[in-house]
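Student: Could we go through this structure together? I would like to start with the terms.

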Amino acid sequence: MPARRPPPGLPPGTGYRTLQDAADNHQILQVWCGGCRRRVNYLPADLVPIVGWQHYAHEPPFACSRCKTKEYMATALLSPSLGDYGDIKVRRPAGMVRVWKTVNLGDDP
């Protein structure tokens, strides 16, 4: 497998930044789709349980929900200032509900 290309603007020798690094620094992951021109902000701490702590921050966490592809996706890490709180819209999970149902053994769920 070929080595992955480093993201642009990364200082030499620093290695890749992961979502866990961004979460530790309280940054915002901004994902932009060039296909449908949609821009969405995420908190890396919310994405770590979904995609894993070793996921690179310069790679999109998932495909665009409108275009259904990662081909035109780009990411950026933002460091919010105190004045940004309350003004930046961030997409957060609303919670995952697992529904359990009791059925007889052998019946279809």
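Tutor: Let us begin with a definition: a polar contact is a pair of N or O atoms within 3.5 Å; within protein, one atom must be able to donate a hydrogen and the other to accept it, and residues adjacent in sequence count only if both atoms are side-chain atoms. This is a predicted model, in which local features need pLDDT of at least 70 and side-chain atom pairs count only at pLDDT 80 or more, whereas totals for chains, interfaces and linings use all residues. Residues are numbered from 1 along each chain as its sequence is written, and side-chain values use heavy atoms, with hydrogens and water left out.

Student: Which side chains does the polar contact of 3.3 Å join?

Tutor: That contact joins the side chains of Gln30 and Arg39. Gln30 belongs to strand 1. Helices (H or I, at least four residues) and strands (E, at least two) are DSSP runs, numbered from the N terminus.

Student: Is Gln30 buried or exposed?

Tutor: Gln30 counts as buried, at 15% relative accessibility. Buried means under 20% relative accessible area, exposed over 50%, and partly exposed in between, with a 1.4 Å probe and protein chains only.

Student: What else is Gln30 in contact with?

Tutor: Leaving aside neighbours within four places in sequence, the contacts of Gln30 include Val40, Asn41, Ala74 and Leu78. Contact means heavy atoms within 4.5 Å.

Student: Now the overall layout. How many helices and strands does the protein chain have?

Tutor: The protein chain has two helices and three strands. From the N terminus on, these elements run α-β-β-α-β.

Student: In what order do the strands sit in the sheet?

Tutor: The three strands form an open sheet in the order 2-1-3, with antiparallel pairing. Strand 2 and strand 3 stand at the edges with a single partner strand each, so one side of each has no neighbour in the sheet. From one strand to the next, the twist averages 20°; here axes are lines fitted to C-alpha atoms, for helices over the stretch in contact, and angles run from 0 to 180 degrees between N-to-C directions.

Student: How many bridges are there between strand 1 and strand 2?

Tutor: Strand 1 and strand 2 pair over five bridges in the antiparallel sense. Two strands pair if DSSP finds at least two bridges between them. Leu29 stands opposite Tyr42 in strand 2, and Cys33 has Arg38 as its bridge partner there. These two strands form a hairpin with four residues between them, and Arg37 in the turn has a positive phi of about 60°.

Student: And strand 1 with strand 3: how many bridges?

Tutor: That antiparallel pair has six bridges. Ile28 stands opposite Leu78 in strand 3. Five of the six residues of strand 1 are buried, so this strand is largely enclosed by the rest of the structure.

Student: Which residues make up the largest nonpolar core?

Tutor: The core has ten residues, among them Leu19, Leu29, Val31, Cys33, Val40, Tyr42 and Val48. A nonpolar core is a set of buried Ala, Val, Leu, Ile, Met, Phe, Trp, Tyr and Cys residues joined through side-chain atoms within 4.5 Å. Strand 1 gives the largest share of this core, three residues.

Student: What about helix 2: which of its residues are buried?

Tutor: They are Pro44, Asp46, Leu47 and Val48. The buried residues of helix 2 pack against helix 1 (19-24), strand 1 and strand 2. Not counting residues up to four places away in sequence, Val48 touches Leu19, Gln20 and Trp53.

Student: Changing topic, how many aromatic pairs are there?

Tutor: The count comes to one aromatic pair. The ring centres of Tyr42 and Phe62 are 5.7 Å apart and the planes stand at 90°, so this pair is edge-to-face. Rings of Phe, Tyr and Trp (its six-membered ring) pair if their centres lie within 6.5 Å; planes under 30 degrees apart count as stacked, over 60 as edge-to-face and the rest as tilted. Tyr42 is buried at a relative accessible area of 12%, whereas Phe62 is partly exposed at 31%.

Student: Last one: what does Arg92 touch?

Tutor: Not counting residues up to four places away in sequence, Arg92 touches Leu43 and Asp46. A polar contact of 2.7 Å joins the side chains of Arg92 and Asp46. Arg92 is found in the segment after strand 3 and is exposed, with a relative accessible area of 53%.
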